[in-house]
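Take a look at the fold below.

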Amino acid sequence: MSRVPYGYEIVQLIEQLAPKQLAMKDDPIGLQIGTLNKPVKKVMVALDVLEEVVAEAANEQVDLIIAHHPPLYRPLKRLLTDDGHGRMIAACLNYGIAVYAAHTNLDVAAGGVNDWLAEALGLHHPTVLVPTYTEPLKKLVVYVPVTHAEAVRKAVGDAGAGHIGRYSHCTFNSRGIGTFLPEEGAQPFIGAQGRLEEVEEVRIETIVPTALEREVVQAMLAVHPYEEVAYDLYPLDNEGRRFGLGRIGRLPQPMTLRALAERVKTVFSVPAVRVVGRLDDVVQTVAVLGGDGNKFVAAAASAGADVYVTGDVYYHTAHDAQALGLRLIDPGHHIENIMKEGVARYLTAELAKRQWDVEVFASRVHTDPFQFV
């Protein structure tokens, strides 16, 4: 049975893809305008929230805009409704359009902006270019009767526990005797009130990413037969998955810098790119970072990239890249536009799983302020 969800439920789906803890320090992600405590029938995904974008949303009767670039990036000292920025905010409030921003958390996320960029370029086995966050881990230990051990192992594994490298559902199991005495009012699965019981049990141990702790525990409790479940969670010093900005990978075949520049123009639909390096140089290892990647030229060079694809490259940064022997392709900041279709595709799939009655579409307004003449 389909239903119309609330805005906060839509945002929970976004935060599954791009958890807020992945955002860079001081990045103003999250709800920026309006309220999420309302039904949402229509969602628009936008790179930037400009007057024209809000006009499109109003015309389409959109309830919620999911944006990449926060429209309130800097603190407001005043709000004047006769300038462009103020008119944009006033229009959102007037038409009841909420605006939620997923910025650097969406850049860093696995399956987010930088993975979409790497996929578009055809990079094989892309890995994180600049690590920014390591996922904390916990150890879950639960005691379960032998008859239900398999069901518990499957439930926690399906919920995301037990991932070690390229292996899933990893657990360690040891058998022993559990004892308990059901007191008055208890409704034991095994035994009877007032009698000490001994049961052969399995101690199941598995690793749990902290971000999935709640889901894993709920999955375990849902299939465990006991009225009161004995389990422990321990923090670990082990490092979990590493997340970060940018990706680095290899092209299927070597190509010239000129040919790669042409590919960049094609896959990101840009009319021109700026290139640093000899156009007939052959490249294969490619680093890519959406948005402004000036800070990470040295990181791309030290990671072994032949060429670094990023936007907003400064004049002196280009000289620095030359000195490091690193080639550059600058297609502009606007290549992050890829997030519109990526987020819309993700949300549509997640909404369908839940049978939520919501329409999702990518904004059709072109927000790149630059032209080539």
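Which residues does Asp281 touch, not counting residues up to four places away in sequence? Asp281 touches Met255, Thr256, Leu257 and Arg327. Contact here means heavy atoms within 4.5 Å.

Some ground rules come first. This is a predicted model, in which local features need pLDDT of at least 70, side-chain atom pairs count only at pLDDT 80 or more, and totals for chains, interfaces and linings use all residues. Residues are numbered from 1 along each chain as its sequence is written, and side-chain values use heavy atoms, with hydrogens and water left out.

Back to Asp281. It is found in the loop between strand 11 (274-276) and strand 12 (282-292). Helices (H or I, at least four residues) and strands (E, at least two) are DSSP runs, numbered from the N terminus. Asp281 is buried, with a relative accessible area of 13%. Buried means under 20% relative accessible area, exposed over 50%, and partly exposed in between (1.4 Å probe, protein chains only).

Leu257, one of the residues that Asp281 touches, belongs to helix 8 (residues 257-267). The buried residues of helix 8 are Leu257, Leu260, Ala261 and Val264. Seen down the helix axis, these fall within an arc of 105 degrees, so they line one face of helix 8. The arc is that of the directions from the helix axis to the C-beta atoms. What covers them? The cover includes helix 5 (113-121), strand 10 (242-256), strand 11, strand 12, strand 13 (307-311) and strand 14 (327-330). Just after helix 8, Ser269 takes a positive phi of about 55 degrees.

Helix 5 is part of that cover. Seven of its nine residues are buried, so helix 5 is largely enclosed by the rest of the structure. Among them are Trp116, Leu117 and Leu121. Just after helix 5, Gly122 has a positive phi of about 80 degrees.

Now follow the strands. Strand 12 is mostly covered, with nine of its 11 residues buried. Six bridges join strand 10 to strand 12, and the two run antiparallel. Two strands pair if DSSP finds at least two bridges between them. Strand 12 is also joined to strand 13, by five bridges, and these two run parallel. Val288 in strand 12 is the bridge partner of Arg247. In strand 13, the bridge partner of Val288 is Val309. The chain crosses from strand 12 through helix 9 (residues 297-302) to strand 13, and this β-α-β crossover is right-handed. That word means that, with the strands pointing away from the viewer, the path from the first strand over the helix to the second runs clockwise.

Stay in strand 13, where Thr310 is found. Is Thr310 buried or exposed? Thr310 is buried, with a relative accessible area of 1%. A polar atom of its side chain lies 2.8 Å from the backbone oxygen of Leu289. The side chain of Thr310 also reaches the backbone oxygen of Gly291, at 3.5 Å.

Finally, the core. The largest nonpolar core has 69 residues, and those with the most contacts inside it are Tyr308 and Leu347. Helix 11 (residues 338-354) gives the most to this core, with six residues. A nonpolar core is a set of buried Ala, Val, Leu, Ile, Met, Phe, Trp, Tyr and Cys residues joined through side-chain atoms within 4.5 Å.

Terms used:
Polar contact = N/O pair within 3.5 Å; in protein donor to acceptor, adjacent residues only side chain to side chain.
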